[in-house]
Amino acid sequence: MGRGMVDTRTPEQRRHIMQSVRSKNTGPEMIVRRIAHRLGYRFRVHRRDLPGTPDLVFPSRKKAIYVHGCFWHGHRCSKGKLPKSRPEFWIPKISRNKERDLGAVAAMEAMGWDTLTLWQCETKDRDAVAKALVDFLGPPGAGAPV
């Protein structure tokens, strides 16, 4: 722990909490998937052959969506604040995540794909998510432009 910071959890409790954090099928990701499906979009999930393993992939449209947790990906919102303890660990960790995210988006664009990043904090407003999906993807059922 950092100077003056006392963790209220035992090391075993903290380890259990950190191990329970998922990288796939997270709550925010499931919200976006449900909204997209309800709107009539069909997609693939977690395409490991694409940079950054996008959470939702729309192959016929060459579009992909990343759903990022605010904390883990360094979003500038209240959920994205770094802990006061162990900054020597967290600052480089989150910085590496952000660099990796930028690299994945750049690689996707170089391959001719469009990407959209939705943040955990944005999934609270379901109507805004639905609007962002339609704005990004175009009309449901349209597929690839002819």
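This is a predicted model: local features need pLDDT of at least 70, side-chain atom pairs count only at pLDDT 80 or more; totals for chains, interfaces and linings use all residues.
Trainee: Which helix does the chain pass through from β3 to β4?
Mentor: The chain crosses through helix α3, residues 87-110, and this β-α-β crossover is right-handed.

Trainee: What about β2, how does it run relative to β3?
Mentor: Strand β2, residues 56-58, runs antiparallel to β3, and three bridges join them. Within this pairing, V57 has A64 of β3 as its bridge partner.

Trainee: How many residues lie between β2 and β3?
Mentor: Four residues lie between them, and the two strands form a hairpin. In the turn, K62 has a positive phi of about 55 degrees.

Trainee: Why is β3 described as largely enclosed by the rest of the structure?
Mentor: Six of the six residues of β3, residues 63-68, are buried, so the strand is largely enclosed by the rest of the structure.

Trainee: Which residues point which way from β3?
Mentor: K63, I65 and V67 point one way, while A64, Y66 and H68 point the other way. All of these are buried.

Trainee: Changing topic: how many residues has the largest nonpolar core?
Mentor: That core has 17 residues, and those with the most contacts inside it are V32, L56, F58, I65, L118 and L133. The elements giving two or more residues to this core are α2 (27-39), β2, β3, β4 and α4 (126-137). The largest share, five residues, comes from α4.

Trainee: What does F58 touch?
Mentor: Leaving out residues up to four places away in sequence, F58 touches Y41, R42, F43, K63, I65, W113 and L137.

Trainee: Which residues does the second core include?
Mentor: The second core is separate and has seven residues, including L50, V57, A64 and M108.

Trainee: Last topic, the cysteines. How many disulfides does the structure hold?
Mentor: The structure holds zero disulfides. For C77, the nearest cysteine sulfur is that of C70, 3.5 Å away. For C121, the nearest cysteine sulfur is also that of C70, at 3.7 Å.

Trainee: Is C121 buried, exposed or partly exposed, and why?
Mentor: C121 counts as partly exposed because its relative accessibility is 26%.

How values were computed. Residues are numbered from 1 along each chain as its sequence is written. Side-chain values use heavy atoms; hydrogens and water are left out. Buried means under 20% relative accessible area, exposed over 50%, partly exposed in between (1.4 Å probe, protein chains only). Two strands pair if DSSP finds at least two bridges between them. A crossover is right-handed if, with the strands pointing away from the viewer, the path from the first strand over the helix to the second runs clockwise. A nonpolar core is a set of buried Ala, Val, Leu, Ile, Met, Phe, Trp, Tyr and Cys residues joined through side-chain atoms within 4.5 Å. Contact means heavy atoms within 4.5 Å. A disulfide is a pair of cysteine sulfur atoms within 2.5 Å.
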